[in-house]
Amino acid sequence: HRALLASRSLVFKAELHGQMKERNEDRIAISDIQPAVFRALLRFIYTDSLPAIDDLNMEDSLEMTRHLLVAADRYAMDRLKLICAQILSKSLDVESVTTTLALADRHNCSVLKDACIEFIISSNKMDDVAKTQGFACLKRSWPSMLVTKNFGN
């Protein structure tokens with residue numbers, strides 16, 4: 001299992017074969033990722049596919065995808081991160097675009113960030129986006145992003 005994990009993730013490689021303390025551990029505790037998300041991450045590592053999320057409603061499915069993007073960033077799994085970005089890009093709406101933009105920025109996901117910016121610019125719904133709570137938070141948290149992209153009022 002160690003070899004497979006290390007071959008798919010540079011972070012696992014460093015943890016399991018590098019100089020980190022986890023190298024000599026029989027078990028490694030992962031406390032900052034929900035169990036369902038980590039299972040999905042492991043499934044991707046072993047099968048190169050996402051778990052079936054047909055049992056989840058749309059919002060739960062998107063929430064799982066957001067968490068998977070975070071896990072993919074943490075474990076340096078660029079292909080999974082790209083897949084998550086593509087899924088989230090297709091589900092953008094006025095209410096979610098600013099929080100998705102913040103997520104993309106926080107986790108260095110330029111594909112998703114560009115999709116959010118394009119959505120805001122091309123949707124002709126900037127006024128609607130600017131009225132959302134997410135936009136207000138974005139203005140407070142990342143004012144430089146709004147200025148450089150000419151979003152701010």
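Helices (H or I, at least four residues) and strands (E, at least two) are DSSP runs, numbered from the N terminus. This is a predicted model: local features need pLDDT of at least 70, side-chain atom pairs count only at pLDDT 80 or more, and totals for chains, interfaces and linings use all residues. Residues are numbered from 1 along each chain as its sequence is written, and side-chain values use heavy atoms, with hydrogens and water left out.

**View 1**
D48 is found in the loop between α3 and α4. Its phi is positive, about 60°, although D48 is not a glycine. D48 has a relative accessible area of 32%, so this residue is partly exposed (buried means under 20% relative accessible area, exposed over 50%, partly exposed in between; 1.4 Å probe, protein chains only). A52 lies in the loop between α3 and α4 too. At 65% relative accessibility, A52 counts as exposed. A52 and A40 are twelve residues apart along the chain, and their C-alpha atoms are separated by 9.4 Å.

**View 2**
A pair of aromatic rings is described by the distance of the centres and the angle of the planes. A search of the whole structure finds two aromatic pairs. Rings of Phe, Tyr and Trp (its six-membered ring) pair if their centres lie within 6.5 Å; planes under 30 degrees apart count as stacked, over 60 as edge-to-face and the rest as tilted. The ring centres of F12 and Y75 are 4.4 Å apart and the planes meet at 15°, so the pair is stacked. F12 lies in helix α2 (residues 10-17) and Y75 in the loop between α4 (58-74) and α5 (78-89), so the pair ties together parts that are 63 residues apart in sequence. F12 is buried at 3% relative accessibility. Y75 is buried as well, at 0%. Ring pairs link F12, F38 and Y75 into a cluster.

**View 3. The largest pocket.**
The largest pocket has a volume of about 270 Å³. On a 1 Å grid over the protein atoms alone, a pocket is an open set of points where a 1.4 Å probe fits, with protein on both sides within 12 Å along at least five of seven lines; lining residues have an atom within 4 Å of a point. Grid points are joined across faces, edges and corners, and the volume is the space filled by probe spheres set on the points. Twelve residues line the largest pocket, and L5, F12, L16, I28 and F38 are the closest to its centre. α1 (2-8), α2 and α3 (35-47) are the elements that give two or more residues to this lining. α3 gives the most, with three residues.

**View 4. A76 in the loop between α4 and α5.**
A76 has its place in the loop between α4 and α5. Phi of A76 is near 55°, a positive value in a residue other than glycine. The relative accessible area of A76 is 33%, so A76 is partly exposed.

**View 5. T100 and its contacts.**
T100 has its place in helix α6 (residues 97-106). At 4% relative accessibility, T100 counts as buried. T100 touches L92, L112 and C116, not counting residues up to four places away in sequence (contact means heavy atoms within 4.5 Å).
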